[in-house]
Amino acid sequence: MELQDFCEGTLVEVVGLVVKKELNGERGAVVCAQEDRLVVRLPSGDVAVRPGNCSIVGGKRKGSELEAHRPKARKVVDGLKTTDQGSSAGGDQGGSASNVLGHGIAAAAAAAAAASGNASSPQQQDILGAAVLLNSLKSPGLSQVLQNPILQMLSLNMLKQQQQQQNRVSTPPPVDETPKPPGCCLLVVLRGGSAEPCSDDLFWVFSQFGVVEKISLFCKDTNAQALVQFNTPEEATRAMGYLNSRTLYNAELAIMISSHTQLNLGRSDSRNRDYTSLNTAIKAIPEAERIETAKKNNWPVKDFLWGVSLGSGWLVPRQDPAFQGKIPPANGLGNVGKIGDCVLISGLPSYMTAAKLWGLAGIYGKLVAVKILQKRTDCALVQYTDSYAAKNSISQLEGCALGDAKLSVKLSKHANALNWRGSKGGLEHFMCTSSDRPVPESYPISPSPSETLTFNLPKDLLASGKEQMIAHLQSLFGTEGKLSGQTDSSLTFSFPDKVAAVKVVCDINAMMTKLNNTQFKIKICFW
């Protein structure tokens with residue numbers, strides 16, 4: 001539940017506490033909100049808990065709907081009355097004043113109930129909430145404001161509304177009119193964690209790598225997720241390069257570039273934070289004094305801040321000792337790429353696998369990864385090293401007919417085509433990357449698929465045995481390909497149709513083969 005789902009007087013049951021497990025199952029009333037936590041009055045005393053550890057008794061009802069829980073609400077008021085009497089016996093001035101108000105509110109509640117003739121009187125509902133609020137804010141100054149019970153009720157009801165306004169209806173931060181370049185926002189998924197971290201926790205972890213401007217937390221598919229906005233794409237890439245696939249807060253981090261270019265937060269609360277003012281304060285501190293100043297301010301700053309080591313040089317999570325004092329390079333292919341490098345190909349024929357598409361797509365640009373979508377096996381994500389190659393593949397493959405299939409190729413909204421840890425065993429049908437497969441030779445001016453293929457081959461092998469090379473190639477793709485042209489470094493073959501030629505490209509392009517004890521890579525382009 002969110003903080004705004006609660007207000008003073010809401011009846012709740014404490015659930016899911018890990019540290020104070022003995023409080024789980026106790027019921028009480030919300031007395032106020034403090035930053036991102038609720039102060040709940042329980043029989044055993046007051047406790048500050050996160051909204052997620054409070055279950056509203058009887059469903060999602062707020063203080064204005066307490067009529068459904070009148071008996072339990074009256075017990076809360078009676079409990080406050082008892083507390084106030086105990087404070088009065090102690091001779092404390094503030095307690096005595098609270099005792100007066102406690103009796104006055106209880107009496108006013110009874111009078112309102114008698115006047116209305118039912119338990120759902122709006123006046124009674126307000127009094128119950130006011131009683132809880134008053135008991136949470138005991139002070140001589142406050143308790144001596146008014147002596148008349150009716151005026152007390154009205155005054156405290158106004159005070160309750162003001163506190164709700166301060167705690168829940170915050171003014172949206174000003175929108176930054178300066179557009180951010182693509183790649184500044186990261187989508188962070190915390191998979192398998194038992195608890196959701198707060199935005200401040202993530203802020204200091206990600207601030208190790210650059211200036212974090214905004215964070216928005218949410219939950220999707222049972223996983224805690226966050227959008228993290230950096231000042232520059234380079235800082236976002238650096239954070240993703242180190243943190244992706246690592247473990248934090250007992251959860252595995254899965255990170256990718258978000259399609260959002262910047263975050264416009266509708267509110268500022270425990271889940272949505274704008275850190276502009278904090279970053280401004282940090283910038284004003286000399287770099288050499290930041291660690292000491294952070295400790296004085298109780299900031300949970302790490303050894304690294306904005307890519308610079310300020311302490312003993314250990315990152316969170318900790319890096320390899322060989323990189324103490326510096327940020328290691330990106331830990332794998334899953335951390336590279338930007339929006340515009342990937343294309344989505346649909347309409348693939350049934351025989352197409354990731355390895356086969358690797359040979360075809362690689363003709364039009366240098367590849368990073370190819371992934372066949374497991375839920376839609378006629379679609380694939382293809383990631384190139386740059387956006388120029390992606391656009392080139394679109395212009396050459398869009399609308400290309402491969403037998404009964406017709407390809408549709410368009411830019412993808414994704415920044416990369418990899419799964420979180422790259423290609424691994426059992427995924428060969430769906431996934432291949434440049435780390436586990438030879439990269440095909442790319443030809444930016446290569447035309448669309450046709451029935452004619454040109455094989456670019458080592459000159460020395462062709463010069464020493466052209467007939468042997470022809471026989472070797474035909475042993476790989478069959479005798480249906482007929483030699484139709486040659487140069488001192490290439491052989492051109494014609495096939496019965498485009499589908500047959502494309503199948504040859506898919507099967508053997510970029511394959512490593514050997515002839516006369518010499519190993520070479522097959523390089524194919526359409527002609």
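User: Rings of Phe, Tyr and Trp (its six-membered ring) pair if their centres lie within 6.5 Å, with planes under 30 degrees apart called stacked, over 60 edge-to-face and the rest tilted; how many aromatic pairs does the structure hold?

Analyst: This is a predicted model, in which local features need pLDDT of at least 70 and side-chain atom pairs pLDDT 80 or more, while totals for chains, interfaces and linings use all residues. Residues are numbered from 1 along each chain as its sequence is written, and side-chain values use heavy atoms, without hydrogens or water. Counted in this way, the aromatic pairs number nine.

User: Which geometry does the pair of F203 and W204 have?

Analyst: The ring centres of F203 and W204 are 4.9 Å apart. Their planes stand at 80°, so the pair is edge-to-face.

User: Is F203 buried or exposed?

Analyst: Buried means under 20% relative accessible area, exposed over 50% and partly exposed in between (1.4 Å probe, protein chains only). Because the relative accessible area of F203 is 1%, F203 is buried.

User: Which residues do ring pairs link into a cluster with F203?

Analyst: W204, which is itself buried with a relative accessible area of 6%, is one of the residues in this cluster. Ring pairs join F203 to W204, Y275 and W299.

User: What are the phi values of Y249 and A510, neither of which is a glycine?

Analyst: Y249 is partly exposed at 31% relative accessibility, whereas A510 is buried at 4%. Both have a positive phi, which for Y249 is about 55° and for A510 about 75°.
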